[in-house]
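Please open the model in the viewer and follow the stops below in order. Each stop says what to select and then describes what is found there.

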Amino acid sequence: MIKSLCVTVSLLAVGIQAAVDIQKACQKSTFESVLDDKSTIERVDVVNKGDEYGEGKSNVAYPRHPTDLPELCAVTVKVESSATTSYRFGLFLPTEWNSKRLTVGNGGFAGGINWLDMAPGAKHGFATASTDTGHSSNATDASWALNDEESRIDWGWRALHGTVGRSKELVEAYYSDAPGFSYYSGCSTGGRQGLRELQGFPDSFDGAIIGAAAWNPPQLNSYLLQLGLSNLPADDPKHIDIDKVKAIAGEVVKQCDGLDGVEDGIISSPELCDVDLEAISCDKDGVDPAKCLTEPQMDTVRKAYEDFYVDGKFSWSGFNPGSEAQLPLVLGADIPSGYGIQFQTYFVHNDPKWSWRDFNNGMITTAVAKNPGKTRADRYNLADFKSRGGKIIMYHGTADGLVPTRGSEVYYNRVSDAMGGPPTDFFRYFPVPGMQHCWTTAVDAPWHFGAPFQAGAIGNDTWSVPGFNDAKHDVLLALVDWVEEGKPVDSLIATTWKVANDSDSGLLRQRPLCPHPEKAIYDGKGDVNKAESWACGIVNAEEEDDGVSRRPAAVIVSLCAAIAISFLAF
Ligand SMILES: *[C@@H]1O[C@H](CO)[C@@H](O)[C@H](O)[C@H]1NC(C)=O
Ligand SMILES: *[C@@H]1O[C@H](CO)[C@@H](O)[C@H](O)[C@H]1NC(C)=O
Ligand SMILES: *[C@@H]1O[C@H](CO)[C@@H](O)[C@H](O)[C@H]1NC(C)=O
Ligand SMILES: [Ca+2]
């Protein structure tokens, strides 16, 4: 009796509720009574500890099953969203529930319940939901949007919003308890989905993790298309092929690695990096012809770094130096990125015969004005979200070669302007030096901090940061502490391994990520691969002048650009 009392007390102390009776509760009848007449329960399954779950290949977006699950109840619901459309969502209800909810996002145009990314949440104890966004497709296919504004709206915001509301009711019914704090975690399109939801519906989340947000598809996807076109046709002298794009990466690291004060292969201050492409000019003696650039080719590369303007107005941010290893996703092929082509074809022109060769910048203006599917997450005054206690952790890999990193800074700065100053009391932005799009690294940079897609990048059974399942290393736990304990996230330790996507290969490096405008500053003596040798702080310009060779011209230009950008709203 005393023993069971102690167990109950200690379980409550760590926030784990007394276990639900899964055999009794994990049934259609538990859920049917609380759903509206637009919703149908498709499946309810008891998942035993150690099992896997998913829909296999029929889920083209997310066919991989998470494995080694904790005991949980898996529910699939179908919801009619209009007279002609519907979406589905999945819910993992772990027996050992931490009294909280989590909703996870999707990627690109992917239509499918993201079971793989729900698993880490459930393993932490969250009741975790994901929607298929109203269609079935892989990440680069938007043909489902043809003649179908209702489906675009489902992808734009409606499916996620409906999932958050309905899963709350299902959670309450299943555990016969209050639905608890509500969290969100998504990267790329997932970042957009989270921002879109908390802008439109500030009550949905108490805390949100917003990664590499593709927050304005009409601008961003069109930016990717025009950048691809700037490198075409493939027989033009200006064209650079994929191998050359990749070859630039090494040269850029050589030039810019040290500008941040530490030669570690990671460009941690890309804003100081003003790449000198003449160094690999084909006219120079001793430059490998396979890796050199002609003058017209240099112009093509410069375009990728520059911010993009339409009719003299800022349209979207260019890519960072350091992103070249991943840039072949948008630059170097004989056709522009599918993300750009598909958006213009199926969202804007609504014509499968439309050719990307006919693209012009006026079509961006049309796309923004039309805003098909109401996808734009471009509201900057987040006062309603803030005033209910909501917290946001935004992050972006600085070597992202698909969604330009500086777009996150643009969003953050606009919120800062709209709210009368840096929003650090509820919204912090963490650049992740050397990380690519949402996960992994080409330069051995610490990149794993329990963010969306990261568990799936290293296996089907992993969750949190293997070996470092705590609030210092796992962004979701850090966010919970901020929301529920009032502990602001002053830093987050990122991890990488000897083989970047294999956590069994041995620890390679850990380093703090810091809230913008702070940076991780090396103590000058400890092991650079250890987190304790670094601390977050504001880099003192004077100190930097003493110790680091920087390029004043580049600093002034980027400052001016930042000031110009902050005055241009669209
Ligand atoms: C994850 O699962 C997929 C099939 O769903 C399999 O092809 C892949 O090898 C698995 N990955 C690991 C690391 O086990
Ligand atoms: C995505 O789906 C489209 C349409 O089915 C297909 O043509 C394309 O090859 C797929 N892409 C990938 C990467 O599987
Ligand atoms: C890690 O990356 C390698 C090379 O890209 C790939 O072959 C392997 O499947 C990846 N492992 C996991 C667990 O995804
Ligand atoms: Ca460096």
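Select helices H7 and H11, which in this predicted model pack with their axes 8 Å apart at an angle of about 155°. An angle over 145° counts as roughly antiparallel, and H7 and H11 are therefore roughly antiparallel to each other. The crossing in which H7 passes H11 is right-handed. To view the contact itself, display Pro-218, Gln-219 and Ser-222 of H7, which meet Ile-364, Ala-367 and Val-368 of H11. The residues of this contact of H7 with H11 comprise four nonpolar, two polar and no charged.

H7 covers residues 217-229 and H10 covers residues 338-348. Their axes are 7 Å apart, and the two helices pack at an angle of about 125°. That angle makes H7 oblique to H10. The crossing of H7 and H10 is left-handed. On the H7 side, select Pro-217, Pro-218, Asn-221, Ser-222, Leu-224 and Leu-225; on the H10 side, select Tyr-339, Gly-340, Ile-341, Phe-343 and Gln-344, for these residues make the contact. By type, the residues of the contact of H7 with H10 are seven nonpolar, four polar and no charged.

Next, display H10 together with H11, the latter being residues 362-370. Here the axes come within 11 Å and cross at roughly 55°. H10 and H11 are therefore oblique to each other, and their crossing is left-handed. Phe-343, Gln-344, Phe-347 and Val-348 of H10 form the contact with Met-363, Ile-364, Ala-367 and Lys-370 of H11. What kinds of residue make up the contact of H10 with H11? They divide into six nonpolar, one polar and one charged.

The next stops concern the backbone. Most residues other than glycine have a negative phi, and most peptide bonds are trans. From H11, move to the loop between H11 and helix H12 (383-387), where Lys-374 lies. Lys-374 has a positive phi of about 50°, although it is not a glycine.

Return to H7 and select the loop between H7 and helix H8 (242-256), which holds Pro-233. Leu-232 and Pro-233 are joined by a cis peptide bond, with omega about 0°. Another cis peptide bond joins His-516 and Pro-517, with omega about 10°. To find Pro-517, select the loop between strand E13 (502-513) and strand E14 (519-522).

Finally, select ligand 3. Which residues surround ligand 3? They are Ala-457, Ile-458, Gly-459 and Asn-501. Display the distances to two of these residues. An oxygen atom of ligand 3 is 2.3 Å from an N or O atom in the side chain of Asn-501.

How values were computed. Residues numbered from 1 in each chain as written. Chains lettered and ligands numbered in written order. Predicted model: local features only at pLDDT ≥ 70, side-chain atom pairs only at ≥ 80, totals over all residues. Heavy atoms only, no water. Axes fitted to C-alpha atoms, helices over the stretch in contact; angles between N-to-C directions. Helix = DSSP H or I, 4+ residues; strand = E, 2+ residues; numbered from the N terminus. Parallel < 35°, antiparallel > 145°, perpendicular 65-115°, else oblique. Left-handed = near helix turned anticlockwise from the far one by under 90°. Contact = heavy atoms within 4.5 Å. Nonpolar A, V, L, I, M, F, W, Y, C, P; charged D, E, K, R; others polar. Near = heavy atom within 4 Å. Polar contact = N/O pair within 3.5 Å; in protein donor to acceptor, adjacent residues only side chain to side chain.
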